[in-house]
Amino acid sequence: MNILQIADEDDFIDKLNCSKDDEVKVVSIFGNTGDGKSYTLNYTFFGGKEVFQTSAQQISCTVGVWAAYDPNTHTIVIDTEGLLGISSNQNQRTRLLLKVLAVSDVVIYRTRAERLHTDMFQFLCDASAAYTKHFAMELTSVAKRSKKTIKDLMPTCLA
């Protein structure tokens with residue numbers, strides 16, 4: 001069972017210690033357990049300070065999704081459980097990761113491998129298709145307001 005640690009939008013903003021008026025970007029990270037996702041975020045956004053828990057061993061430190069605010073870059077940084085994490089329900093984890101993808105402006109895929117794993121490539125392609133299908137109306141509205149084309153706003157999956 002997942003427990004949401006925030007009550008509502010205001011509680012989320014308070015816990016992140018940011019302003020409701022801040023224009024922010026959302027950066028999330030994905031990858032397998034033990035590939036250094038939390039470490040990467042700590043050094044990239046927080047100067048090495050351990051904002052997200054890390055371990056020298058290849059075990060899962062992150063369960064679920066964690067968020068922190070970087071006031072220097074006005075970025076909400078989201079750390080996710082590894083794709084081979086300890087959560088017992090794979091479908092639940094996939095749905096959670098799809099929700100994180102939907103709110104992310106930038107997605108980092110952290111891997112120790114030399115190339116993208118086939119299962120991750122397929123996950124991202126499926127997520128792109130689902131995002132486009134379910135948010136077409138919203139994307140069209142945003143495109144009109146921002147004077148961009150809908151293609152500029154849609155995620156793409158390159159083969």
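**Ground rules.** I number residues from 1 along each chain as its sequence is written, and side-chain values use heavy atoms, with hydrogens and water left out. Because the model is predicted, local features need pLDDT of at least 70 and side-chain atom pairs count only at pLDDT 80 or more, while totals for chains, interfaces and linings use all residues.

**Salt bridges.** I looked for charged pairs first. Side chains of opposite charge can pair when their charged atoms come close. My rule was a side-chain nitrogen of Lys or Arg within 4 Å of a carboxyl oxygen of Asp or Glu. By this rule I get two salt bridges.

I took Lys20 and Asp10 first. Their side chains meet at 3.1 Å, N to O. Lys20 sits in the loop between helix H1 (9-16) and strand S1 (25-30), and Asp10 sits in H1, so this pair ties together parts 10 residues apart in sequence. I take helices (H or I, at least four residues) and strands (E, at least two) as DSSP runs, numbered from the N terminus.

Next I checked accessibility. I call a residue buried under 20% relative accessible area, exposed over 50%, and partly exposed in between (1.4 Å probe, protein chains only). Lys20 is exposed, at 53%. Asp10 is partly exposed, at 42%.

The other entry is Asp11 with Lys15. Their closest N and O atoms are 3.8 Å apart. Both residues lie in helix H1, four residues apart, about one turn of the helix. Lys15 is exposed, with 53% relative accessibility.

**Nonpolar cores.** I then turned to the cores. A core here is a set of buried Ala, Val, Leu, Ile, Met, Phe, Trp, Tyr and Cys residues joined through side-chain atoms within 4.5 Å. The largest has 13 residues. Leu16, Cys18, Phe30, Tyr69, Ile76, Ile78 and Leu101 touch the most other members. H1, S1, strand S3 (75-80), helix H3 (90-103) and helix H4 (118-134) each give two or more residues to this core. H3 gives the most, with three residues.

Leaving aside neighbours within four places in sequence, Leu16 is in contact with Ala67, Ala68, Tyr69 and Ile76.

I also noted a second, separate core of eight residues. Val27, Ile29, Phe46 and Val77 are among them.

**Thr40.** Last, I looked up Thr40 in helix H2 (residues 37-45). Thr40 counts as buried, at 17% relative accessibility. Not counting residues up to four places away in sequence, Thr40 touches Ile29 and Arg110.

Key. Contact means heavy atoms within 4.5 Å.
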